[in-house]
Amino acid sequence: MLKILILGSAAGGGSPQWNCNSDVSRAVRGKENGTSPRTQSSIAVTANDNDWFLFNASPDLGSQILNNKQMHPKKDLRHSPISGVVLTNGDVDHVAGLLTLRERQNLAVYAHQRVHSVLKENSIFNVLNPDYVERREMKMNQEFELQDRNGKGVGLKVEAFEVPGKIALWLE
């Protein structure tokens with residue numbers, strides 16, 4: 001059964017954003033009724049309760065994992081239910097959280113070739129040791145099934161497609 005876990009639902013910077021003094025940000029900081037702090041947008045998806053795939057890795061990923069028991073280690077000294085990350089683009093709000101996943105845990109990063117090349121060109125992402133983190137290419141307009149650490153399909157199919165937009169600010 002497909003399960004989708006909303007890890008965060010706010011725009012870049014979260015809510016309240018660190019440098020924002022809007023009515024909404026002040027209300028959240030003041031803990032007014034009907035408001036709550038929110039982390040940056042990301043979801044986790046599973047079809048089997050064992051293999052979870054993140055769609056984007058926000059800079060808030062550490063706290064998102066901490067606040068969602070489905071993402072906690074369940075066996076052995078080192079374990080993670082996170083089998084992979086699907087990157088929808090190279091925005092800093094979608095890739096910075098990858099740095100949280102640097103602790104020698106087997107997982108796959110699915111992305112378009114352009115996004116993989118951006119990660120490869122930025123040496124900070126070398127902390128994602130290729131002995132543990134497999135980089136899998138996502139082709140546009142081609143459906144494929146996400147795979148676990150051993151290359152076995154997990155019942156989740158993805159079809160990436162292009163949408164209009166602009167280049168990530170940090171790549172301009």
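## Salt bridges

A residue counts as buried when its relative accessible area is under 20%, as exposed when it is over 50%, and as partly exposed in between. Asp-49 has a relative accessibility of 40%, so it is partly exposed. Keep in mind that the model is predicted. The side chain of Asp-49 forms a salt bridge with that of Lys-3, with an N to O distance of 2.9 Å. Lys-3 is partly exposed because its relative accessibility is 34%. This bridge connects distant parts of the chain: Lys-3 sits in strand β1 and Asp-49 in the loop between β2 (42-46) and β3, with 46 residues separating them.

In total, the structure holds 7 salt bridges. Among them is the one between Lys-157 and Glu-143, where N and O are 4.0 Å apart. That pair also links distant parts of the chain, with Lys-157 in strand β8 (residues 153-158) and Glu-143 in the loop between β6 and β7, 14 residues apart. Lys-157 has a relative accessible area of 58%, so it is exposed, and Glu-143 counts as exposed because its value is 53%. Another bridge joins Glu-137 and Lys-139 at 3.6 Å, N to O. Here Glu-137 is partly exposed at 45% relative accessibility, and Lys-139 is partly exposed at 42%. As background, side chains of opposite charge can pair when their charged atoms come close.

## Nonpolar cores

How many residues make up the largest nonpolar core? There are 23, and those with the most contacts inside the core are Ala-44, Leu-54, Met-71, Val-85, Leu-87, Leu-98 and Leu-101. At least two core residues come from each of β1, β3 (52-55), α2 (61-66), β4 (82-86), β5 and α4 (113-121). Strand β5 gives the most, with 3 residues.

## Aromatic pairs

The structure has 2 aromatic pairs. In one of them, the ring centres of Tyr-110 and Phe-144 are 5.6 Å apart and the planes meet at 25°, so the pair is stacked. Tyr-110 belongs to strand β5 (residues 107-111) and Phe-144 to strand β7 (residues 144-147), so this contact ties together parts that are 34 residues apart in sequence.

Ring pairs link Phe-53, Tyr-110 and Phe-144 into a cluster.

## Backbone details

A cis peptide bond joins Ser-15 and Pro-16, with omega at about 5°. Ser-15 is placed in the loop between β1 (3-8) and α1 (23-29), and Pro-16 is found in the loop between β1 and α1. Ser-15 is buried, with a relative accessible area of 12%. Apart from residues up to four places away in sequence, Ser-15 touches Ala-10, Val-28, Ser-36, Pro-37 and Arg-38.

Which positive phi values turn up in residues other than glycine? Arg-104 has a phi near 55°, and Asn-141 has one of about 60°. Arg-104 lies in the loop between α3 and β5 and is exposed, at 56% relative accessibility. Asn-141 is found in the loop between β6 (133-137) and β7 and is exposed, at 51%.

## Around helix α3

Helix α3 (residues 92-95) contains Val-92, which is partly exposed at 41% relative accessibility.

Setting aside neighbours within four places in sequence, His-94 is in contact with Ser-41, Asn-56, Ala-57, Leu-87, Thr-88 and Asn-89. The C-alpha atoms of His-94 and Gly-8 are separated by 12 Å, although these residues are 86 residues apart along the chain.

Technical notes. Residues are numbered from 1 along each chain as its sequence is written. This is a predicted model: local features need pLDDT of at least 70, side-chain atom pairs count only at pLDDT 80 or more; totals for chains, interfaces and linings use all residues. Side-chain values use heavy atoms; hydrogens and water are left out. Helices (H or I, at least four residues) and strands (E, at least two) are DSSP runs, numbered from the N terminus. Buried means under 20% relative accessible area, exposed over 50%, partly exposed in between (1.4 Å probe, protein chains only). Contact means heavy atoms within 4.5 Å. Rings of Phe, Tyr and Trp (its six-membered ring) pair if their centres lie within 6.5 Å; planes under 30 degrees apart count as stacked, over 60 as edge-to-face and the rest as tilted. A nonpolar core is a set of buried Ala, Val, Leu, Ile, Met, Phe, Trp, Tyr and Cys residues joined through side-chain atoms within 4.5 Å.
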